[in-house]
There are 2 protein chains.
Amino acid sequence: MRGLMQEQPLLISTLIAHAAAAHPHREIVSRSPEGLVRTSYGAIEQRARRMSTVLAHLGIQPGDRVATLAWNDHRHMELYFGVSCMGAVLHTINPRLFAEQVEYIVNHAQDQYIFFSPNFAPLLEQLAPKLPSVKGFIAMCPRAQMPEANLPMLLCYEDLLAAEPETHPWPHFDENSAAALCYTSGTTGEPKGVLYSHRSTVLHSFAACAVDGLGVSGADTALLVVPMFHVNAWGMPYAGAMCGAKLVLPGPQLDGKSIYELLRDERVTLALGVPTVWLMLFRHVDEQALQPRTELSLRRCIIGGSATPRSMLEKFEQDFGCQAIPAWGMTEMSPLGTVCKLLPRHESLPREERRRIQLKQGRGVFGVAMKIVDEDGDSLPHDGASAGLLKVRGPWIVSSYYGREGEQVLDADGWFDTGDVATIDADGFMQITDRAKDVIKSGGEWISSIDLENAAMGHPAVAEAAVIGLPHPKWQERPLLVVVRKAGAALDRKEMLDFLASRVAKWWCPDDVAFVESLPHTATGKLQKLALRKQFADYRFTE
Amino acid sequence: MRGLMQEQPLLISTLIAHAAAAHPHREIVSRSPEGLVRTSYGAIEQRARRMSTVLAHLGIQPGDRVATLAWNDHRHMELYFGVSCMGAVLHTINPRLFAEQVEYIVNHAQDQYIFFSPNFAPLLEQLAPKLPSVKGFIAMCPRAQMPEANLPMLLCYEDLLAAEPETHPWPHFDENSAAALCYTSGTTGEPKGVLYSHRSTVLHSFAACAVDGLGVSGADTALLVVPMFHVNAWGMPYAGAMCGAKLVLPGPQLDGKSIYELLRDERVTLALGVPTVWLMLFRHVDEQALQPRTELSLRRCIIGGSATPRSMLEKFEQDFGCQAIPAWGMTEMSPLGTVCKLLPRHESLPREERRRIQLKQGRGVFGVAMKIVDEDGDSLPHDGASAGLLKVRGPWIVSSYYGREGEQVLDADGWFDTGDVATIDADGFMQITDRAKDVIKSGGEWISSIDLENAAMGHPAVAEAAVIGLPHPKWQERPLLVVVRKAGAALDRKEMLDFLASRVAKWWCPDDVAFVESLPHTATGKLQKLALRKQFADYRFTE
């Protein structure tokens, strides 16, 4: 028997239509090419509808991919709705990828048009000849800011809009239709495309607006430092429309001074971004001896992308009077998975214990089921100690990658393997202890390379440390600690191991220590364990 | 093109499964027949699964209706999940209805079994012979609390569960399947059944957990004074499972003392209920000279069911240190429609203006589209002044009534007429100004009977006032004010009209005043305007 409720598909158009009806005057402030632009949900909706008409006239059909290579600004937001609401697919490209990767994904996605922020013109000039599917390049600016660029079919966003008074009658269609596409910058192999649907995007927005999700509300002014080219800025453009938060979009200026000024001048209450940006902000605050606690209105800062350093959490608390909230997710998860906020019963815990919980990845939001399993796929208890492969399932989690639908991405029960090793405690707080490929499997037990590295880094003579698992005749694998000494510091194998002996379980202690001059890193500063493992491929432990 | 996200139906089973996985130990505290019972989401899930097996053995099939006639307690919560998650339909019956209405709806719904709180045994004894579809009556208590009742096939809830160790493997099915049924106690005609689906219930739970919805979170301890037999206790049993709020279920004891003790002893942070209950609570607090501000942890009180009196809002603020939050909805809306929380820009308003906004019905949550229309169906502006028929649309709003699917409930564009007249302001705050059937249509303009009554009540000699529209040869309708004078007070027509002249628009002023000894009321104290109109049916205005 069917229920007798109205049949309303969960479409992205319902988000912006709600915004235009319920809070049309709520501001969207952005650092756009022509300067600081103040617009509103009502105006964004109208211009997005006109942009849909422009796209239709350019020949865009439902399902076609339309790309953006752009900073966070109001035009990017208009495209979020203008492209998806007409039934086309918004493909947000990460301009920080290597040029060859951008080339690969544009060709893989078969993008028809690329909308771009003017300062990405040089990158596109270089790539344009290699992008046969692209029929035109549209600079996201008024005529006055048009870049000097040698690009075929170069168009001006504002000229196109100015010539189009008609708003598009966004149609109703199946809520499972594709809405947006984002490629992961996988460390191995080619980038893989995650194809979000209208349904997954609306459901994810609900999770973002939940108190225990990102907690965004109509009372918030939210600064989106997290880029709109990366997993839809954690879904905030959609969630903002859902609840009527004022949004502040910083454009390309992510330096400490620019961010601080936006926080102050727009009276931002909620900020979202990765640790790197906040470190730049802190440096500016310290250098200028600013008083964020009194000058700013910042109440909450959501930190994702990589683990939140403890010092960051404390700086936000003490100097900003702001709650730092670690969150965790993946491109494959739209991205929201867990958010770390303390529960009332934690309030009475000693400070150190509280901190330990605050730095976990957090509790899973409804919609993201999590389990941890051992190597046989058997579920492990949620006791905060048992570490296993973290698997997730839910309506905004990937089922397969775009253009690779034949490949099996989920296990037989429909779970997606995050590639992380984690614990989950009795209150549901998840903590990532390692990447699955980095964990050391010793005699049937797992040793966290991250925990060992953190322990080793505690020694005053250690500049950097990495732990890798290497084959061992008896234990399958055992940890090798690779250390870079601080300039001029003395440290030998015995002292290092003695130091660790008092800090980690005996059977976790590395079997050996190798001292090196430097460790291999990626362009963005991430440790390359794959390269390190190659470097030590010939190393052998003795029993 | 379809998105490539996991296909996960929005089923009520996913709510309690999430609770059991993510926050199994979070408490559910209830005043059950055997006393105060402490249980948890984990235990509720296990017992609900066993109850599904019990029901299957009793012959319940997907789509069958299983009724409850019960107070808020842990067993009622188990039935919320045990009945719906196996695919059957939970029919919650309001025991405050007249016995004939209960008889009508049980027969209309063709309920197979009725689960009941022991003290409703006398009502069921009286009705049982007239309920041919009912195969058995199950008392929601342990053996020791079984009522002495002359009921055919009388069963004991705990005995049934004790005999059933097997948990039901809740199936996956279409998310649009019926999950729960609730009849409106319509003031005219027979009660009408609203049939909620799994999808509508899960989507509604998202809205409840939104900051701008009921704002319930895992950090809350929520007291559900609003009954589980009335629109699913505003969806709180589902929303609690979604976020992991501790729930406090007060059973039948809704007196001021009992409620106060629960608020205090369970450290309740969020309470939900109708104004009547809070008045009883206030009386107890005043009589006992209690100090709620220091003794309680109450932070927010959601008030619905009827308009929040200003004095209640102020009492909660001043004496409880608690935010009073008016909310509005309907059985036909699952019920959540609007919630009234001030926006940041209201903070700087003068106190009186702020109060005026605080007493509106509030902003529509995402999922409830609202419009106001004139008599021709044309939309009116959202200017806070234009009053029109309030229509709503969304995925948790009724499309037709159970067993009356042939009747047209929605207009041609799919909107449901709430029967209210309302304004909507530029920030999206909706305010009900009248019931559509009570509004006075004068010369193409509308006059709010409620506003006129409130103005008249401001006169010190007026005990009660009612305004009805009566036919007028020139203006179609004009208002007649009907007044009950306070005992011993003197007041005549001219003084009354002069008093109003300075308080309402000139063309709103009643054409005449009738003085009566008393006004007709329903059993629950509501003014019966229908009866009043009959009483003045022969009255004629002169031009």
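Keep in mind that the model is predicted. We'll look at D64(B), which sits in a loop of chain B, then at how α3 and α9 of chain A meet, and finally at the five cavities of 30 Å³ or more.

**D64(B)**
- You'll find D64(B) in the loop that runs between α2 (41-57) and β3 (65-69) of chain B.
- With a relative accessibility of 16%, D64(B) counts as buried, because the cut-off for that is under 20%.
- Beyond its neighbours within four places in sequence, D64(B) touches G59(B), A88(B), V89(B) and Q112(B).
- Y196(B) is 132 residues away from D64(B) along the chain, and their C-alpha atoms are 14 Å apart.

**Helices α3 and α9 of chain A**
- The axes of α3 (residues 74-84) and α9 (residues 236-243) of chain A come within 10 Å and cross at roughly 80 degrees, so α3(A) is roughly perpendicular to α9(A).
- On the α3(A) side the contact uses M77(A), Y80(A) and F81(A), while α9(A) brings P237(A), Y238(A) and A241(A).
- By class, that contact has six nonpolar residues, no polar and no charged ones.

**The largest cavity**
- The largest cavity holds about 240 Å³ of space.
- Its lining has 22 residues, with D212(A), G364(A), V365(A), F366(A) and C243(B) nearest the centre.
- Elements giving two or more residues to this lining are α7 (198-209) and β16 (362-364) of chain A, plus α1 (12-22), α7 (198-209) and α9 (236-243) of chain B.
- The lining splits into 15 nonpolar, four polar and three charged residues.

Conventions. Residues numbered from 1 in each chain as written. Chains lettered and ligands numbered in written order. Predicted model: local features only at pLDDT ≥ 70, side-chain atom pairs only at ≥ 80, totals over all residues. Heavy atoms only, no water. Helix = DSSP H or I, 4+ residues; strand = E, 2+ residues; numbered from the N terminus. Buried < 20%, exposed > 50% of the residue type's maximum accessible area, 1.4 Å probe, protein only. Contact = heavy atoms within 4.5 Å. Axes fitted to C-alpha atoms, helices over the stretch in contact; angles between N-to-C directions. Parallel < 35°, antiparallel > 145°, perpendicular 65-115°, else oblique. Nonpolar A, V, L, I, M, F, W, Y, C, P; charged D, E, K, R; others polar. 1 Å grid on protein atoms, 1.4 Å probe; cavity = no way out; pocket = protein on both sides within 12 Å on 5 of 7 lines; lining within 4 Å. Points joined across faces, edges and corners; volume = space filled by probe spheres on them.
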